Amino acid sequence: MKLLDHHMHSDISFDSRELIENYLKLSENSIITTEHLDFQDPSGGYVDRIPDYDCHRKIAKELNDLYNNRVFVGIEVGWTEVSNDQILSFLDSKSYDLVLLSVHQNGHADYLEKDKFEGVSKQSIIEHYFNDLLKAVIAMKEHVDVLTHFDYGFRVHDVSVKDLEDHGRSVFESICALIIEHDIAFELNTSSMYKHKNLDLHSWAIPIYTSLGGSRFVLGSDAHSKYEYQRNFGDAVDYLKSLGVSEVVELYDGDVRFVSI
């Protein structure tokens, strides 16, 4: 598929071993890897996950000489309130072609560490996660291009559409209004939708986003290996069409391209 995959990781990220060149060999598309920046990651003993920017740029330059300038350099910012100043300081001296915004943790646990949330109500998880997502957008709105996997906080916590409607709609509407105001795209994360089986949560979220005037959808596989590149993109495109969406955007290198689907 010719569409750009906006969310991929290589061996520059701590949790991937894939070479960027291996993605290039899969298609003639432009390739942009968005490597993890997560300060004080609780799942790793509060270690700082910092991508090597100079190495990333060097690899991109070397590969662009071989692959017709198809490689771009991105980052996935994992935001927390306590790391906000560190994040801004890190980004200040660098030039990324694409910046994703994520919330992965609450300061004590990554949301995928299900055992760390035993005894915590779904209402509390929803309220805390969405409030942090809103704070992240407020803090980073001038520095990011895409809001990723809005449902990351619910991937392993069996949260239903009714739970989101009852405990999260108002804050989610505020998140959507803010990203629309600042031209931040809304990611359809196909790992969330299909691997983690959260398509129903997207069926709740997307109409809210579009009803407020949102139209900037990007596709991202959240790939950590070449076998996950463009994971379920055909399914996601069919799904968007079923909701009356006729185009997605491609964002990188300072450009915004609207692409019919």
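Let's start with a charge: Arg49 lies over the face of Phe14, 3.9 Å from the ring centre. A charge sits over a ring when NZ of Lys or CZ of Arg is within 6 Å of the ring centre and within 35 degrees of the ring normal. Lys94 does this too, with its charged end 4.0 Å from the centre of the Phe90 ring.

A word on the source: this is a predicted model, where local features need pLDDT of at least 70, side-chain atom pairs count only at pLDDT 80 or more, and totals for chains, interfaces and linings use all residues. Residues are numbered from 1 along each chain as its sequence is written, and side-chain values use heavy atoms, leaving out hydrogens and water.

Now for rings that meet other rings. Rings of Phe, Tyr and Trp (its six-membered ring) pair if their centres lie within 6.5 Å; planes under 30 degrees apart are stacked, over 60 edge-to-face, and the rest tilted. That gives 17 aromatic pairs. Tyr129 and Phe130 have ring centres 6.1 Å apart and planes at 35°, so they're tilted. Phe130 and Trp204 have centres 6.5 Å apart and planes at 10°, so that pair is stacked. Phe130 is buried, at 1% relative accessible area, and Trp204 is buried at 7%; buried means under 20%, exposed over 50%, partly exposed in between (1.4 Å probe, protein chains only).

One aromatic cluster includes Tyr129, Phe130 and Trp204, with Tyr111 and Phe217 also among its members.
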